[in-house]
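Trainee: Before we discuss this model, could we agree on what its terms stand for and then go through it piece by piece?

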Amino acid sequence: MLNFNHPLDHLKTELRRDLLNMIYQSGSGHIGGSLSSLDILISLYHSDIFDFTKDHFVLSAGHLACALYTVLASKNYFPKKLLSTYTSFDSILQGHISASVPGVEYSSGSLGQGLSFAAGLALGDPKTTAVCLTTDGEHQEGQIWEAAMFANKYKLGNLINIIDVNGFQIDGSTDQIMPLKSLAAKYIQFGWTVTTVDGHDISKLIKVLKQSKKSDYPNCIIAKTTLGKGISFMENNFKYHDVKNLDEKVYLAAKDELQY
Amino acid sequence: MNSNTKSSENQSIRQSFGETIFKLAQNNPNLYVVSMDLKSSLYLTDFARKFPHRFVECGIAENNAAAIAAGLAKTGKTVFLCSFACFSPAINWAVIRQSICYNNLNVKIVGSHAGLMTGDLGATHQMLEDIAIMSSLSNMEVFSPIDAVETQKITTILSRSRRPAYLRLVRQSTPILYDKKMSFTIGKSQILKKGKDITIIGHGPILNEAFEVQSQLLLQKPNISLEIINCSSIKPLDFETIFKSIKKTGRLICLEDHQKNGGLGQMVASQILASKFHPKFIHLAVDNQFGQSAKDYHQLYDNYNIGTKSLVSAIKKIYG
């Protein structure tokens, strides 16, 4: 169930419909995580906190490309009609996030590298903010913790790591595959400022992002989300990590639920 | 001439790198070094002291360091990512592949202690696979300098390019083969010695073994002359110079302190098979084995069939 209490909330359904159409028309996409991260991306791109012509955004979890492409199209980085070409030969919209797409700074797909890349941006461009989106499953990669050490050493107050914590990964729940317990406790130990927020509440997300922009220490925002958010039968169902050739009935049922 | 003995001509390739970077940084405020706790081994201590804000110490964490370097490069810096080859690019290859090569960023990966030449440190540190893993990456250029002079030239040229590159360095001090006035061009091989009978190609200081063999031949078989070609630009590789030489000699030996699989010899062999030339060919390289410790790396060169004895046998076989 989607909640509506912010002027941007109409985008929650609009962009979920775009996302669903894109994945249905193109025949594939990582729908579960894209739906869990979408409201975070809306808060980043449709608020005025950051100016991404100067500030940086790194999608470390490159498989969430569908969500970012949908949001970038909604901000007119490229025409919305391109979305249906996702993963087609010769399309700029590669399966995993690609810097060939206007508005995308970093090509990714192999997990765990983006936070380091964002830390490099934060160090090299200290007058701007580098925002990175990672996932909870991705925190099983050791490199994330190397980056956490590094950001603390260099006191990268202009680095924000938003973790989309939906509790699932490709083969099951993160607790079953590799439990990490409290990410907050770990980041605090690593010297970061940590805030936990409802990752589907745009007002709260915007408030936390504003606070994180002014900080002396690297910032970790733990965004609690729901895999497949907004489409009841996809929620918390890891079989919807990614889909191939979505059945028309399933597509129509999903579309039916996405009303503002 | 035994290249392991301390002659006044021997100079350290990695020291040449460290000193060159230090000099370049004085006139290039955009030049950064990303280190993984090996600054003294790569002679970067002066750089770190003089340019603390451009010396980024990542500690023993090669994956993070490679992507930090990529991020810095994205903000317009020229970044040298410095470690031993057995750690970087060996540990962080997947990060180099995605964050540096696929994103096509201005990072130069500098891997020292390549080859059996690393000696006493043993198999873990004798990186024998770096050219294979780096030359297979799209957007990546690969260089293996032969001496301290060429190291200085290549480092200088790389500091001006905007592309990803890998620079292979060795641990030992080695003989100086080049005059200080030499000029290096990316994608060009250099004929170090002209000859008519056998073409010897290779990269790095192991080519000194070919010079030693040539001087032995002068005494024993003065009628055989070797054409020795330095292929320090491994990717892009100058096939034209090699083809011109084998057209003349009809015989080719590739000598390298690297695994046979994925080494220079295989790259050249593949091009030759597709060409109209069909020279006799012998590839002297480490063949599907790990190295081991030795006080004098020549013991390893002999044992792994890439030393002077093996080269002499190869010459006899290919000539006879």
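Mentor: Let us begin with contact: two residues are in contact if their C-beta atoms, placed from the backbone, lie within 7 Å. Please keep in mind throughout that this is a predicted model.

Trainee: With that cut-off, which residues are in contact with A:Asp164, leaving aside its neighbours within four places in sequence?

Mentor: A:Asp164 belongs to strand S4 of chain A, which covers residues 159–165. Once the neighbours within four places in sequence are left aside, the residues in contact with A:Asp164 are A:Gly33, A:Ser36, A:Ser37, A:Ile40, A:Leu133, A:Thr135, A:Gly199, A:Ala223 and A:Thr225.

Trainee: Is A:Asp164 buried or exposed?

Mentor: The count to look at is that of C-beta neighbours, where 20 or more within 10 Å make a residue buried. A:Asp164 has 28 of them inside 10 Å, and therefore this residue counts as buried.

Trainee: How does A:Phe52 compare with those cut-offs, and is it buried, exposed or partly exposed?

Mentor: A:Phe52 sits in the loop that runs between H2 and strand S2 (56–59) of chain A, and, not counting residues up to four places away in sequence, it touches A:Phe57 and A:Gly103. Because 17 other C-beta atoms lie within 10 Å of it, A:Phe52 is partly exposed.

Trainee: How many of the 15 residues of H2(A) are buried?

Mentor: H2(A) is largely enclosed by the rest of the structure, and the reason is that its buried residues number 15 of the 15.

Trainee: Turning to the two chains, which element gives the largest share of the side of chain A that touches chain B?

Mentor: Contacts join 22 residues of chain A to 20 residues of chain B. On the chain A side, helix H4 (114–124) and helix H5 (142–153) each supply at least two residues. The largest share, eight residues, comes from H4(A).

Trainee: How many residues of domain 2 of chain B are in contact with domain 1 of chain B?

Mentor: The C-alpha centres of these two domains of chain B lie 26 Å apart. From domain 1 of chain B, 29 residues take part in the contacts, and the number from domain 2 of chain B is 30.

Trainee: What distance separates the end C-alpha atoms of H6(B)?

Mentor: Helix H6 (148–160) is one of the elements that give two or more residues to the side of domain 1 of chain B that touches domain 2 of chain B, and its buried residues include B:Ala148, B:Val149 and B:Leu158. With 13 residues at 1.5 Å each, H6(B) should span 18 Å, which agrees with the separation of its end C-alpha atoms, 19 Å.

Key: Residues numbered from 1 in each chain as written. Chains lettered and ligands numbered in written order. Predicted model: local features only at pLDDT ≥ 70, side-chain atom pairs only at ≥ 80, totals over all residues. Domains from an automatic or database assignment. Helix = DSSP H or I, 4+ residues; strand = E, 2+ residues; numbered from the N terminus. Buried ≥ 20, exposed ≤ 12 C-beta atoms within 10 Å, placed from the backbone. Expected span 1.5 Å × (residues − 1).
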